Amino acid sequence: MTTSVSPVSTTFRYSGEFSALSAEDGRLLFDRPASRDTAIAGIVRGIIERVRADGDRTLFSLARDLDHVTLETLEVPREVIRDAFSAVDPKLIQVMQHAVRNIERVHHALLPQTRRVEVEPGVVITRRADPLARVGVYAPGGSALYPSSVLMGAIPARIAGVEEVILCSPPASDGIPAAVILAAAEIAGVDRVFSVGGAGAIAAMAFGTASVPPVDKIVGPGNAFVAEAKLQLTDVVAFDSPAGPSELLVIADDTASAALVAREVVAQAEHDVRATALVLAVGAKAAARIETAIRNIIDSQPRRAIIRESVRRTGGVLRVDDVAQAIEVANRFAPEHLFIATRNPSAVSERIRNAG
């Protein structure tokens with residue numbers, strides 16, 4: 001007997017013509033309030049106060065209560081990091097090393113230059129960018145592991161000449177961050193790694209504890225508790241940004257690879273059920289191909305339940321009449337990430353004013 005399993009259907013919040021959006025969907029699409037959860041804010045405030053008062057003792061307690069592990073030490077020994085590097089799939093190591101080369105190339109090119117202007121005889125204005133002494137990188141743990149966060153946080157700091165880079169990431173069941181996170185730290189040249197996660201890690205890097213040194217700036221993504229901790233500690237330490245749920249907007253025409261667009265969509269949607277991954281497809285043909293590609297790829301994803309919920313809440317494919325309309329919508333939407341897959345992407349990019 002042969003048994004077949006039908007793919008789980010995927011529902012998009014947005015589908016059809018952009019011009020036919022209901023008033024409710026239009027408000028949801030463009031009015032994305034950066035609301036703060038008062039319950040989360042209260043919990044984070046308590047964690048910050050505890051870390052500030054009791055330092056390491058609070059971090060050990062949070063590891064027991066939230067990560068369900070009993071730690072003997074907060075810092076990950078160097079030999080453990082090296083062992084994790086050796087245990088990770090060599091193909092993944094090669095991919096990360098390739099990414100490192102690309103990140104280094106970009107940030108070397110973007111290094112700020114010292115500028116000196118003599119505005120009138122004897123009056124000289126100099127603008128100089130000096131490297132920070134210590135930067136902290138946060139990398140999420142749990143079911144979603146992003147070694148790219150380690151690379152993109154630590155390597156620019158290294159290129160800038162930062163003296164010391166530390167990393168905080170939640171411990172797994174064995175009491176240390178995931179092997180792939182540790183491997184990325186080794187590749188990126190992170191100096192010290194700590195098994196500390198969530199709002200406690202942000203507070204520890206902001207104030208410093210007996211184990212975790214205070215830093216001059218904290219970078220790296222995290223969940224709602226991490227984002228809230230950044231907001232509450234902006235007067236203590238510098239941050240990259242208290243980012244909200246991830247956003248991707250794609251502008252695609254009939255020349256776009258539907259498979260590539262679908263991969264970009266699921267890569268964003270898998271972050272969080274509140275993530276937004278939306279495609280503006282020029283014409284019915286492009287829209288149909290991309291919708292099909294997205295539906296076909298979701299079932300093969302490890303985080304498919306999150307992806308389905310994400311696109312059901314705020315994602316999908318909307319048809320627009322032409323690229324000009326797509327640009328108009330994109331500038332109004334002002335996405336965090338914008339992916340352009342058109343005949344002449346450079347020309348489209350030049351007309352984008354609100355992205356990133």
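Select strands β10 (residues 276–282) and β11 (residues 316–320) in this predicted model. The two strands run parallel and are joined by five bridges. Within this pair, display L280, which stands opposite L318 in β11.

Now turn to helix α10 (residues 258–269) and helix α11 (residues 284–298). Their axes come within 8 Å and cross at roughly 55 degrees, which makes α10 oblique to α11. The crossing of α10 past α11 is right-handed. To see the contact, show A258, A259, V261, A262, R263, V265 and V266 on α10, together with R289, I290, A293, I294, I297 and I298 on α11. By class, this contact of α10 with α11 comprises 11 nonpolar and two charged residues, with no polar residues.

Finally, select I352, in the segment after α14 (345–350). Is I352 buried or exposed? I352 has a relative accessible area of 14%, and because buried means under 20%, I352 is buried. Leaving aside residues up to four places away in sequence, I352 touches I251, I327, A330, N331, L338 and I340. For one of these, A330, draw the C-alpha to C-alpha distance to I352: the two residues are 22 apart in sequence and 7.4 Å apart in space.

Key:
Residues numbered from 1 in each chain as written. Predicted model: local features only at pLDDT ≥ 70, side-chain atom pairs only at ≥ 80, totals over all residues. Heavy atoms only, no water. Helix = DSSP H or I, 4+ residues; strand = E, 2+ residues; numbered from the N terminus. Buried < 20%, exposed > 50% of the residue type's maximum accessible area, 1.4 Å probe, protein only. Contact = heavy atoms within 4.5 Å. Axes fitted to C-alpha atoms, helices over the stretch in contact; angles between N-to-C directions. Parallel < 35°, antiparallel > 145°, perpendicular 65-115°, else oblique. Left-handed = near helix turned anticlockwise from the far one by under 90°. Nonpolar A, V, L, I, M, F, W, Y, C, P; charged D, E, K, R; others polar. Pairing = 2+ DSSP bridges.
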